[in-house]
Amino acid sequence: MSSSTTEKFEFKAEIKQLLDILVHSLYTSREIFLRELISNSSDALDKLRFQLNKGTEVYQKDLPLEIRISLDKDKPQSGEYSKTITISDTGIGMTKEEIISNIGTIAKSGTSEFLKMLKENNVTANNIIGKFGVGFYSVFMVAKEVIIKTRSYRLDAKAVEWKSDGLGEYELKEIDEELPRGTKIEIKLKDDAHEFCEKYRIESIIKKHSNFISFPIYLENEKINTISAIWREPKSSISQNQYNEFYKFLTYDNEDPLFVIHKSVDAPIQFNSLLFIPKKSDEFFWFDRENYGLDLYVRRVLIQHKNKDLLPEYLSFVKGVVDSEDLPLNISRETLQENVIFSKISQNITSQVLNFLAETSKNSPSEYVTFWKEHGKIFKLGYTDFSNTDKFLELIRFNSSFNQNKDELTSLAEYVSRMKAEQKEIYYAVGQSREGIELDPHLELFKDKGLEVLYLYDPVDEIIVTSLRKYKDYEFKSVESVEPAKLEKFESQTDKEKIEELSGDDKMHFSSLLTKMKKILGDKVEDVKQSYRLTTSASCLVSKDGGLSSTMNKILRMTNKEFNPQKKIMEVNPNHKLIRNLLKLFKNNSDDKFIADVTEQLYESALLLEGNLDDPHKLVTRLNKMLEQASEWYLELHQVSQSNHNMSQGEKLN
Ligand code: ADP
């Protein structure tokens with residue numbers, strides 16, 4: 001019988017690029033090629049088991065499901081003798097078409113993400129390769145040549161042979177020889193990779209990266225891996241170390257997990273779950289959105305890797321496995337979501353995680369802070385999970401005016417426990433930093449009355465408080481929109497310098513000054529009014545009752561160029577030195593140009609503080625002009641006192 005002709009194919013550009021990186025810039029992580037090949041074999045075996053469970057007719061259906069590795073220190077291959085490692089499995093195998101589309105293109109999102117990471121970030125492949133499943137091609141880190149012989153599980157398929165040196169092309173042919181079902185990969189090792197032909201070395205790599213593969217792995221006929229589904233074992237029989245090892249196997253993380261949540265649920269549905277919360281938030285999370293989810297098993301059989309519906313997205317930092325007793329083995333991935341048992345499991349797991357976090361926040365607050373600092377950013381997106389709003393509100397944290405520094409955190413429960421007797425609202429202020437917020441004039445009244453204010457730095461924080469509206473019976477209220485009159489019931493706690501109230505006459509002039517200021521600012525503000533909230537600042541901008549906050553305005557403006565920020569009310573503090581001086585000027589000449597300059601300046605400075613000033617040019621020009629004037633006055637003052645000084649000296653001399 002003659003074999004069919006050999007065809008030559010070229011690798012896609014993306015693969016050439018990957019190969020180039022794998023072959024030329026990686027030295028320290030080469031051993032992971034074995035993890036990748038074993039994991040491919042394990043996937044192929046999982047897929048085969050899935051077909052068997054569905055009742056599909058499978059070629060050589062009685063072959064045991066296993067992975068075998070053999071080492072040959074002197075194997076003739078392509079006319080040469082060389083050191084060879086061979087990995088074979090009895091999985092689903094591949095047809096010719098499958099091998100072209102699977103091995104000829106980059107299927108895995110992780111691989112393209114890996115390439116993108118290398119391009120966009122200043123990292124070297126060596127640093128990060130272990131974290132990605134770079135797949136089959138990693139074999140060329142150690143191989144001079146690779147031959148794949150594969151026989152699909154489909155009854156009428158033909159065996160195929162694929163061969164490449166990883167330099168740019170591969171050869172493919174169908175073979176007539178009867179091969180056992182599955183895939184066999186022969187790797188002719190490079191001269192500097194002979195260590196991978198040593199049994200002790202391979203054994204230790206398997207133990208390190210592939211110990212929990214759920215099919216037996218034989219190395220030279222000796223079984224190496226432990227294959228226990230540790231999530232089905234009783235908690236008491238598993239050591240922390242086993243948990244840690246399993247976690248690392250599952251996630252490729254090289255650190256131990258922060259938390260382990262291991263549960264066995266019996267009623268009303270039966271399942272085991274072993275979940276982990278990593279120490280570090282996944283640095284690639286935001287652009288590797290596919291890379292999350294829990295592995296779903298049904299009675300030890302893997303049904304789906306990284307299932308994304310077992311947990312809501314805001315808990316996507318959770319890793320682990322779930323194994324159900326009740327789901328049918330042949331359930332298709334497409335119909336999972338509509339399955340009642342599945343949705344019960346997913347609700348139960350979500351509660352498990354939230355309850356665990358609630359307990360941790362009570363029993364080990366400092367560990368909870370570690371969790372919050374790493375994963376809080378993603379967790380906050382949970383404000384949309386309306387079925388768990390109460391739990392969510394107990395778990396979120398903010399920095400607050402009662403904290404000593406920007407790193408301390410406050411829960412809403414703590415805030416409420418510190419509230420004043422008559423306080424009915426939870427106050428918050430929005431800004432980019434603690435320093436920034438503390439300079440916000442709106443806070444002056446709250447400081448004065450000793451009222452605690454939550455500091456919201458993250459744009460999503462404000463979305464949370466505005467969309468959830470309240471915690472228990474207490475409404476969230478922005479300091480910008482609180483009417484000072486409503487705070488009158490709280491007593492001032494600071495000794496304010498007593499400033500003489502404006503006299504009757506001056507009161508009238510002050511009110512005309514406000515009218516003047518409104519005229520100067522025109523349409524830019526809704527109104528100019530006397531302030532009852534300011535103690536140290538001259539003026540501030542406030543929203544109309546129920547208006548949008550300044551950050552909301554800013555967000556809307558960023559997302560929609562046409563958006564016109566809502567007009568605000570400018571409040572002016574009659575007891576401020578600057579305003580008193582302005583009043584004197586105003587009484588002298590109500591059209592004094594200086595009044596207009598100061599009014600514009602106060603308005604634009606307030607916008608600047610809010611982050612809503614579009615064009616700083618006018619403000620800076622005006623400011624510089626004023627500085628120039630001020631410097632002249634200062635100089636004059638200085639010279640006057642100089643001459644006074646000289647004079648008094650002179651007088652003494654006389
Ligand atoms: P990944 O496994 O991440 O998808 P790989 O490059 O490692 O990426 O493999 C590409 C594809 O080749 C796999 O998705 C699978 O379809 C196929 N494949 C690889 N190894 C095997 C194997 N041992 N048996 C069957 N199919 C395989």
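Are Phe11 and Trp162 buried or exposed? Both residues are buried, a term for under 20% relative accessible area, with exposed meaning over 50% and partly exposed in between (1.4 Å probe, protein chains only). The model is predicted: local features need pLDDT of at least 70, side-chain atom pairs count only at pLDDT 80 or more, and totals for chains, interfaces and linings use all residues. Residues are numbered from 1 along each chain as its sequence is written, and side-chain values use heavy atoms, leaving out hydrogens and water.

The structure contains 24 aromatic pairs. Rings of Phe, Tyr and Trp (its six-membered ring) pair if their centres lie within 6.5 Å; planes under 30 degrees apart count as stacked, over 60 as edge-to-face and the rest as tilted. Phe11 and Trp162 form a tilted pair, because their ring centres are 6.4 Å apart and their planes stand at 45 degrees. This pair links distant parts of the chain, 151 residues apart. Phe11 lies in the loop between β1 (7–10) and α1 (13–25), and Trp162 in strand β5 (residues 159–164). Helices (H or I, at least four residues) and strands (E, at least two) are DSSP runs, numbered from the N terminus. Ring pairs also join Phe11 and Trp162 into a cluster with Phe9, Phe136, Tyr137, Phe140 and Tyr170.

Phe246 and Phe249 are both buried. They sit three residues apart in helix α7 (residues 240–251), so about one helical turn separates them.

The charged end of Arg35 sits over the ring of Tyr252, 3.4 Å from its centre. Such a contact requires NZ of Lys or CZ of Arg within 6 Å of the ring centre and within 35 degrees of the ring normal. Lys308 lies over the face of Tyr292, 5.2 Å from the ring centre.
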